[in-house]
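Hi everyone, thanks for coming. Please have a look at the sequence and the structure on the screen, and then I'll walk you through a few parts of it.

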Amino acid sequence: MNLSDKKATLSFSDGSPSVEFPVYKGTVGPDVVDIRKLYGQTGMFTFDPGFMSTAACESGITYIDGDKGELLYRGFPIEQLAVNCDFLDICYLILNGELPNGEQKKDFDTQVTHHTLVNEQLHFFLRGFRRDAHPMAVLTGLVGALSAFYHDSTDITNPEHRHISAIRLIAKMPTLVAMAYKYSQGQPFIYPRNDLSYTGNFLRMMFATPCEDYKVNEVVERALDRIFILHADHEQNASTSTVRLCGSSGTNPFAAISAGVACLWGPAHGGANEACLQMLEELQANGGVAKVGEFMEKVKDKNSGVRLMGFGHRVYKNYDPRAKLMQETCKEVLAALGLENDPLFKLAMELERIALEDPYFVQRKLYPNVDFYSGIVQRAIGIPTSLFTAIFALARTVGWIAQWNEMLSDPDYKIGRPRQLFTGHVTRDVPEMNKR
Ligand code: CMC
């Protein structure tokens, strides 16, 4: 963070003295005005619900240029990473700042692979849930419960503990997600197999049974690996900010990540992939492509409460680069599985075409986001809709943990404690019961 020559001055119309604030420059992206002393100097807070103009931290992990539609992990464009790396390369990069060389990759992959097994007791913990529980409810519980099983890596002041808990979380998430799925199906859990890739192992834990092994299909494995890569981190989104805020109290990493899982569940965030596929399925059942025009009218009508799921983004005001890559993967997977004529894919393409020409979407700069096509890919692979957000959580775990680690390594870090503009009652006396 470099101090800029520029300073910001805040002046008041009532004649109170104006105050000056330092301005910092990042390596790229908007400068920030440092208002940390605002309250001390003026007795006033800033007001920015939804963090529309607030940088809540300093970070060197992921950069998004929303106007250009650019996404960089540690400086590398997502388009290059998606074709040249596998998910564990990306995990290494996000955690350590550089891509691994051959030896580093071998070591890292081995470390992750050897932590995929979960404590057997977690099976019994999971069995306490109803079989029809939403996988995100199960996952929130299971991730939080990890802190009860792995006490030996919860000292957040110890870098070795932080490292091992990062490896454990990345390694165990696929096992937990697959367990949540198997439980919902009434099938036995499938243990991880260390000779498979990260993604291949996950597919096998999902789809093998004790009666029949699962042979990993390379196209499917590559497609899912790409889904993981595209979801690995996304700077200070809602769930990542949740992990940072939760972690800022000094809680253990498993507790902080489970808070991230809970936040991700919402339909405006990670839950959008599930909501998007449900929207496409409903539209298909109610007339398909022929009814797209009518549906779009509803989307544009603010009173209908209907949004075009998988569209729009707080930061991207141009095409989401992840959506472009996902659309490519979608075509590849559907072709490989003989589903080129998949009606939902056609419907999605038609919705996109109409939306991108419609002034409502053009004026508001609404483009497809990553979730618009990821559901179609996952459905083609055989992943049930209710598990989509859990897959997102699996992939985002590395981003959450890297951001949490970055926060703890920052000597200036403090517990997150936003303030408020109070508009409730001022002091009043409690009335007696007969006067309430
Ligand atoms: N369909 C219809 N109108 C929309 C949509 C949409 N999907 N998204 C935004 N708008 C309109 C909104 O009504 C508003 O219009 P107006 O200015 O007339 O009031 C304007 O566009 C700005 O919307 P906003 O809600 O103020 O924007 P935001 O930055 O607060 O919200 C968003 C961003 C992603 C929550 C929102 O675009 C949305 O709800 N999209 C659908 C859900 C979705 O796909 N979420 C996944 C996001 S990407 C993956 C992830 O981050 O997890």
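Let me start with a definition: a residue is buried if its relative accessible area is under 20%, exposed if it is over 50%, and partly exposed in between, using a 1.4 Å probe and counting protein chains only. Asp213, for example, counts as partly exposed, because its relative accessibility is 47%.

Two words on what you are looking at. This is a predicted model, where local features need pLDDT of at least 70 and side-chain atom pairs count only at pLDDT 80 or more, while totals for chains, interfaces and linings use all residues. Residues are numbered from 1 along each chain as its sequence is written, and side-chain values use heavy atoms, with hydrogens and water left out.

Now back to Asp213. Which residue does the side chain of Asp213 meet in a salt bridge? The partner is Arg193, at 3.4 Å from N to O; a salt bridge here is a side-chain nitrogen of Lys or Arg within 4 Å of a carboxyl oxygen of Asp or Glu. This pair links distant parts of the chain, 20 residues apart: Arg193 is in the loop between helix H7 (159-185) and H8, and Asp213 is in the loop between helix H8 (198-207) and helix H9 (218-231). Helices are DSSP runs (H or I, at least four residues), strands are runs of E (at least two), and both are numbered from the N terminus.

Arg193 also forms a salt bridge with Asp195, at 2.9 Å from N to O. Arg193 counts as partly exposed, because its relative accessibility is 30%, whereas Asp195 is exposed at 57%.

How many salt bridges does a search of the whole structure find? The count is 23. Another of them joins Asp109 and Lys105, at 3.0 Å from N to O. Both residues lie in helix H4 (residues 102-113), four residues apart, about one turn of the helix. In general, an α-helix has 3.6 residues a turn, so residues three or four places apart point the same way. Lys105 is partly exposed, because its relative accessibility is 22%.

Next, helix H3 (residues 87-96). Eight of its 10 residues are buried, among them Phe87, Leu88 and Tyr92. Just after H3, Gly97 takes a positive phi of about 95°.

Two bridges join strand E2 (residues 19-25) to E3, and Val23 stands opposite Val33 in E3.

Finally, the ligand. Which polar side-chain atoms lie by its oxygen atoms? One belongs to Arg314, at 2.8 Å from an oxygen atom of the ligand, and another to Asn369, at 2.9 Å from an oxygen atom. The protein covers 75% of the 930 Å² of accessible area that the ligand has on its own, with areas from the Shrake-Rupley method and a 1.4 Å probe; for residues, only the protein chains shown count as cover.

Methods:
A polar contact is a pair of N or O atoms within 3.5 Å; within protein, one must be able to donate a hydrogen and the other to accept it, and residues adjacent in sequence count only if both atoms are side-chain atoms. Two strands pair if DSSP finds at least two bridges between them.
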